[in-house]
Amino acid sequence: MPSLFFFSLTTLREPMTWWRRLVGGSSGRDPRQPDFLSEALDLESRGDYANALTSYRLALREHPDDLRVLQNIAIAFSKTGQPEEAIRTYRRALQLDADLPGAHYGLAFLLLKRGDTAHAGMHLEAFLRVTRADDAGSAKFRAHAERTLTQLQGNGFSEQADATSEDGMHEAPGDESVADGWTDDRAREG
């Protein structure tokens with residue numbers, strides 16, 4: 001008898017949901033279920049990267065191949081001092097879309113920090129190849145990537161030539177977190 005009572009309450013709260021599920025239809029998104037991506041973005045905007053990571057992981061569980069979520073997770077890993085996890089996540093995103101500019105850009109600077117200049121250069125070249133020179137939104141990022149690539153190709157790259165922020169991300173002189181900037185802005189845009 002208790003199961004019949006439960007069935008009746010469920011049926012009254014969500015009419016026809018059980019029927020759609022029974023015949024293979026979708027019941028739609030439950031409006032009471034949290035939007036983990038929005039929650040994560042909100043937490044991150046307040047500087048709470050550790051809790052944002054939890055929400056990003058929940059969002060990724062719902063949508064395992066979502067490039068926006070993957071890039072945002074990589075950014076949060078970078079901001080929480082977990083570069084190896086960020087690298088792994090960017091690589092996962094690139095497996096899904098080999099031309100993802102933000103993943104190439106973010107990965108290049110993480111690899112530079114690790115000292116892997118050869119692979120960093122390859123990702124900078126890929127970033128420059130997949131972005132447009134006439135895109136005003138990417139101009140400062142392209143300039144930063146070109147400058148860094150020139151330094152790498154001339155074996156003139158050094159931490160001194162490219163200022164480093166406290167969290168270890170490379171910055172262009174006068175710019176705030178340019179290395180994260182491309183991935184921050186573009187990943188959040190969608």
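The expected span of a helix is 1.5 Å times one less than its number of residues. Helices here are DSSP runs of H or I with at least four residues, and strands are runs of E with at least two, numbered from the N terminus. Helix α7 fits that expectation: its 14 residues should span 20 Å, and its end C-alpha atoms are 20 Å apart.

The model is predicted, so local features need pLDDT of at least 70 and side-chain atom pairs count only at pLDDT 80 or more, while totals for chains, interfaces and linings use all residues. Residues are numbered from 1 along each chain as its sequence is written, and side-chain values use heavy atoms, with hydrogens and water left out.

The overall picture comes first. The chain contains ten helices and zero strands. Of its 190 residues, 40% are buried, where buried means under 20% relative accessible area, exposed means over 50%, and partly exposed lies in between (1.4 Å probe, protein chains only). Contacts (heavy atoms within 4.5 Å) can also be sorted by separation along the sequence: among those between residues at least 6 apart, 49% join residues at least 24 apart.

Helix α7 covers residues 101-114. Twelve of its 14 residues are buried, so α7 is largely enclosed by the rest of the structure. Among these buried residues are Pro101, Gly102, Tyr105, Phe109 and Leu112. Just after the helix, Gly115 takes a positive phi of about 95°.

Helix α9 spans residues 139-153 and reaches 21 Å from its first C-alpha to its last, close to the 21 Å expected for 15 residues. Its buried residues include Phe141, His144, Ala145, Thr148 and Leu152.

How do these helices meet? Two packed helices are described by the angle between their axes and the distance between the axes. Axes are lines fitted to C-alpha atoms, for helices over the stretch in contact, and angles run from 0 to 180 degrees between N-to-C directions. Helices α7 and α9 pack at about 35°, with axes 12 Å apart. Their crossing is left-handed, a term for a near helix turned anticlockwise from the far one by less than a right angle (clockwise would be right-handed). On the α7 side, Tyr105, Phe109 and Leu112 meet Phe141, His144, Ala145, Thr148 and Leu152 of α9. This contact has six nonpolar, two polar and no charged residues. In these classes, Ala, Val, Leu, Ile, Met, Phe, Trp, Tyr, Cys and Pro are nonpolar, Asp, Glu, Lys and Arg are charged, and the others, Gly among them, are polar.

Helix α8 (residues 117-130) also packs against α9, at an angle of about 145° and with the axes 10 Å apart. This crossing, too, is left-handed. The contact involves residues including Gly121, Leu124 and Phe127 of α8 and Arg142, Ala145 and Leu149 of α9. Its residues divide into seven nonpolar, four polar and three charged.

A nonpolar core is a set of buried Ala, Val, Leu, Ile, Met, Phe, Trp, Tyr and Cys residues joined through side-chain atoms within 4.5 Å. The largest one has 38 residues, of which Tyr56, Tyr90 and Leu124 touch the most other members. Helices α3, α4, α5, α6, α7, α8 and α9 each supply at least two residues, and the largest share, eight residues, comes from α7.

Finally, Arg68 belongs to helix α5. This arginine is partly exposed, with a relative accessible area of 23%. The C-alpha atoms of Arg68 and Leu37 are separated by 9.2 Å, although the two residues lie 31 apart along the chain.
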